[in-house]
Amino acid sequence: MSPLLRLLVRRLGISLIVLIGVSILIFCIARVIPGDPARIALGPNATVEQIATLRAALHLDESIIAQYGYFIADLGRGDLGMSLYTNRPVTLDIAEFLPATLELVFFAGVLMVVIGLPIGILSARYRGRWPDHIIRILSLVSVSAPSFVWAVILMLLFAFYLPIFPIAGRIKDIYEIDRVTGFLLIDTLIAGNGAAFWDALRHIILPAIALALSGIGQAARLTRANMVETYAKPYIEMAQAYGFFPSRIARVYAFKPSLIPSLTIIGLDFAAMLGNAFLVEAVFAWPGLSRYGVAVILRKDLNAIMGTVLIIALTFVVVNIIVDLLIAILDPRIRLSQRVGA
Amino acid sequence: MIRSLRILAANPMSLFGLILVVIIVLAAVLAPWITPYPTHNGAVVDFAFANDAPSARNWMGTDLVGRDILSRIIYAYQISLVLGIVVLSISVPLGAVVGLFAGYAGGWVESVLMRLTDVFLSVPPLVLAIAMMGVLEPTLINAMLAVTVMWWPWYARLVYNIARSEREEGYVLAAEVIGASTTHIAFREILPNCLPAIITKMTLDMGFVIIIASSLSFLGLGVQPPTPDLGSMVAEGARYLPDSWWLSVFPGLAILLAVFGFNLLGDGLREILGVDE
Amino acid sequence: MNKPLLAAALLAATVLTAPAIAETVLRLDEVAVGELDPGKASDYADSILMFNVYDTLVLPQQGGPGHAPHLASGWEADGATYTFTLRDDVTFQSGNPMTAEDVVFSLERMQALGAGLSYLFAGVSAEATDTHTVTFTLEEPYAPFVASLVRLPIIDKASVMANLGEGEDEKGDWGQAYLSANSAGTGAYSVSSHNPQSETVMAKSDSYFLGVPDAAPDTVRLRYGLEAATVRTLIAQGEHDIASQWLPPEVITALAKDGAQLLTESGTGGFYFKMNTTKAPLDDVNCRLALASAFDYATAIQMIAINDAVSAGSPATGAIPVGMYGANRTDVVQVQDLDKAKAHLEACAHDPADMNIKVSWIAEVPLEERFALLMQSNFTQLGIKSEIQKLPWALFAEQVSKPENTPHISQLFVNAVTGDPDTLLYGMYHSSTPGTWQSPEHLNDAKVDEHLDAGRSAGSDAEREAAYAALNARLLEIAPTIYGFDRQSVFAASNRVKVPALSDPSKAFGLDGMGFSFRLMEMVE
């Protein structure tokens, strides 16, 4: 087995354990929520018999271990149960709302990389001079406020005072776009509707920036620190002594080694963004999974809570596996040094 | 100590951070004496001055029932700081103990403890806290509990990484040779080497705890009114944009200022204590 | 070229290039997600959907009391038996003709589901005597029965039976899965798409039995859960038409200043501070009276004013809103009286120093937080401590099912779901009704029960008036509730739409949500 494959298998194994752990954790939390989910689902005017019937149908009267057993058995068949909130299968709800959140988070992730890394490099290149100072202060400011504060400030500045961007939603309702991937930026292109694509892009920019800002600051800070460290390495000093152009040194010798730690942090920030999307979606009325998540928590919709948290944890785990593999590909030493117990 | 202060003073940004933190802490402690309207932290209504824009009377304007926003922000700092201190003073020792034992003991203890930690770390922090607050009544104590539950694993991870690299070091091996107990080695030999990293992370985390706690109350899962809280002030104020911008912008900036102060100070400490990022 | 001429030329150019008939779109919003299943409809968003997608046998008279035939062509009442003759020219959106069988099925489905407002039809049975005749039989006389029929939407039996889901009943799930996402009514609008997270889209139906005027919107988008700031700006930018009534007054005021029109709907309900009469210290009538006298009614009225002309309510005169049977004269309004409050408090068996009153407010209605703060400061004047608790609607509705879980004080807008006082007051106060969101008082008072029973079984208007007047007096005497104000719903709206039913009193329905009959709206553009 190649080292890369072995790494992948190992990571998958650990991920499975983690996901089972998460499912038990959330299952326990969801079951001790006060309030009877059956009564909440049936509404204020339901009779006692109706509630009893629904409780039985949901196995609510059995032990928590038995309930978990039912849950896992259903999960094996790809069934997360019915959402009491939307009255539809949870899998259907997730399939509907997850793409909007992922689109926002991925877009923010792209912003984080394409803005964060270059300004980090810039900062390192001009270390100790004014561009460095400005970038360092700005990136520290950007990590110093929660995403909802950025959302409010950005909305006020660029949607109210300077009405450049739309205030809410994903796209104007005049566009009817066939759903293929659920990612509007892709679906509009598939539909060949340029105007709709432009509109969707305008809608996503403010929420994505609000979500990405602290990640951008984080990525810039880290890239700078790593670059500075790499620049101090003998081989760079040698390259400088040989009189290579600074831009060539930055590109060829300093960038790649500095990128690796940044990738790890980007993986972590991605997770943070999945959580923070809860806040940004609330401000910008973004119809994603996070709003659904808050709604189902408030309604004690057990199946839906479980499904939502599991899918977020799964996304997080998958992204981290991808990041680990990327790092292993970029840096053969890490690939070889993978040991059990690490 | 004096040397540290001198290094701090030599770095203007860190010094600025220290000053910010000191001012905020002092303001929070002295709130009853320095706020313009000390009673406005509670259920006071004064509809004659409701929803007023910033003015000489109310520098940051008034909220929808006529309370002074500046006064409420200063009181809200009390809540934020107390929450941060409580969360860290529980999760740091807890995480440190878990991390130390996992890192030093190795074997199945390591596997069990660290997989447990991974489970917590693999749910986005805010999602876990939100799920917890869905269970619990929205009170200050419960918010502290929810944030603590998601916070200790980060310290476990941090201490674990250091402990694991230290366990092969000469001084640890030497201690083992002379027959020192596991507890002694973990707490007396390894822990001191983790302290600079822990202290730096704690300073930075004061900021992050404030962010997470305000995020919870932004979603309505934190401290309840009339107790002032920065997150819920932003959430409620955001409904009245753009007309009554002062309701949400000033509390938002207040969060930014406090967290910025702790971050600057943490950065300074990192340099002084020689901790890697 | 002078300006008018230029304008005319441009106009001509636009007319030539634009499509012959532009499709008109009406966009409105509600805070709660609308329940599409008409058998489960209970709140405002549900009602808007129900009144447009489905029809009922009768409709309230516009601009006055009483009811007019709608799907029915007429009816006869004989004691507890009502015989309805149906119109023979009505078809469902599926093309199926509407018959008496559908009416019977709709009633049975409502009763089988037991959700929404099905309690209105407890003890009612229906029989199809021929294709277009239905006979309803009531177990006991119920004066407002005809009024309650505005809450019995008629469903296409054949469509539902063809789409039954799994269930324990002989009729499976009674089509619940199907009707939660599809429409099966006779209404002027059919559902094009229903997304519980964001919106329900409805399109004008060609086959409506009364015809739908051209001026009515072609497409309607009912959006859910928009933030107040979002709605405010969308309207200002011309991208939204009618805001929900839950916008805070400041935002409505700001919109009105920017030129938005204000639509109003009034007269069928009130804003109530409901006291849990089973929990100390509010189990003592003097304590309740003390709180009721301490509340600052005048400030509350001031808080809900939109501008000089429009307000979201008028001072309460007593337990029953002005305009209904048994209401007090408009010149006797509830006022704050601290001396009276203190006297009552002294007579109360509980020590004020030990009290800690929990005042809840519904998270979805931010205005209520301010009322909670107002109460808290009022109670402080009596030396009573209180705590404010924010409750999401779903959680609140669950908590009130048990008296011990119900907060001391709950704030609620309650409306007579059929426009009749019985449907406002019976569910709130009768001891036989279970704890629901309408009845956080958990009141158990023999005299109140007696008056309520008299009100629903009385034969004449005069008897009903007398029964409800007695009820009003009794309620003020035992104060289960602080009667905040008589509610008027205010909707900020763009000038792209005209809504006579919400702006012209002679066209008003006197039934919550009915003003949102899209077929009666006119798009101007």
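A nonpolar core is a set of buried Ala, Val, Leu, Ile, Met, Phe, Trp, Tyr and Cys residues joined through C-beta atoms within 7 Å. I note at the outset that the model is predicted.

**Entry 1, the core.** I looked up the largest nonpolar core and found 344 residues in it. Ala151(A), Val309(A), Ala129(B) and Val147(B) have the most contacts inside this core. I then asked which element gives the largest share of the core. It is helix H4 of chain B, residues 69-105, with 18 residues.

**Entry 2, chain A against chain B.** I counted the contact residues: 40 of chain A meet 35 of chain B. Seen from chain A, the helices that each supply at least two residues to the side touching chain B are H1 (3-32), H6 (130-142), H7 (147-161), H9 (194-231), H11 (246-284), H12 (289-298) and H13 (302-330). How many residues of each class does this side of chain A have? I read off 36 nonpolar, four polar and no charged residues.

I listed the secondary structure of chain B and got 11 helices and zero strands. Its C-alpha atoms fill a box of roughly 75 × 45 × 30 Å along the principal axes. Chain B has 277 residues, of which 55% count as buried. I also checked sequence separation in chain B: among contacts with a separation of 6 or more, 69% are between residues 24 or more positions apart.

The mean pLDDT is 86, and 97% of the residues of chain B reach 70 or more. Where among the elements of chain B is the mean pLDDT lowest, and where highest? The lowest, 72, belongs to helix H1 (residues 2-10) of chain B, and the highest, 94, to helix H3 (residues 31-34) of chain B. Where pLDDT is low, the predicted coordinates should not be read in detail.

I counted 22 residues of chain C in contact with 18 residues of chain B. On the chain C side, two or more residues come from each of helix H7 (228-236), helix H8 (249-257), helix H10 (297-303), helix H12 (367-381) and strand S14 (385-391). H12(C) gives the largest share, seven residues. By class, this side of chain C has 11 nonpolar, six polar and five charged residues.

I traced an open sheet of four strands with mixed pairing, in the order S1-S10-S9-S8 (chain C). Why is one side of S1(C) and of S8(C) left without a neighbour in the sheet? Strand S1 (25-30) and strand S8 (189-195) of chain C stand at the edges and have a single partner strand each, so one side of each has no neighbour there. From one strand to the next, the twist averages 20°.

I checked the pairing of S8(C) with strand S9 (residues 199-204) of chain C: the two run antiparallel and are joined by six bridges. Val191(C) stands opposite Met202(C) in S9(C). Helix H2 (residues 44-53) of chain C packs on the sheet and touches S1, S8, S9 and strand S10 (219-224) of chain C. The direction of H2(C) makes about 140° with that of S8(C).

Last, I looked up burial in helix H14 (residues 421-429) of chain C, where nine of its nine residues are buried. Among them are Pro421(C), Asp422(C), Tyr426(C) and Tyr429(C).

Technical notes:
Residues numbered from 1 in each chain as written. Chains lettered and ligands numbered in written order. Predicted model: local features only at pLDDT ≥ 70, side-chain atom pairs only at ≥ 80, totals over all residues. Contact = placed C-beta atoms within 7 Å. Nonpolar A, V, L, I, M, F, W, Y, C, P; charged D, E, K, R; others polar. Buried ≥ 20, exposed ≤ 12 C-beta atoms within 10 Å, placed from the backbone. Pairing = 2+ DSSP bridges. Axes fitted to C-alpha atoms, helices over the stretch in contact; angles between N-to-C directions. pLDDT = per-residue confidence, 0-100.
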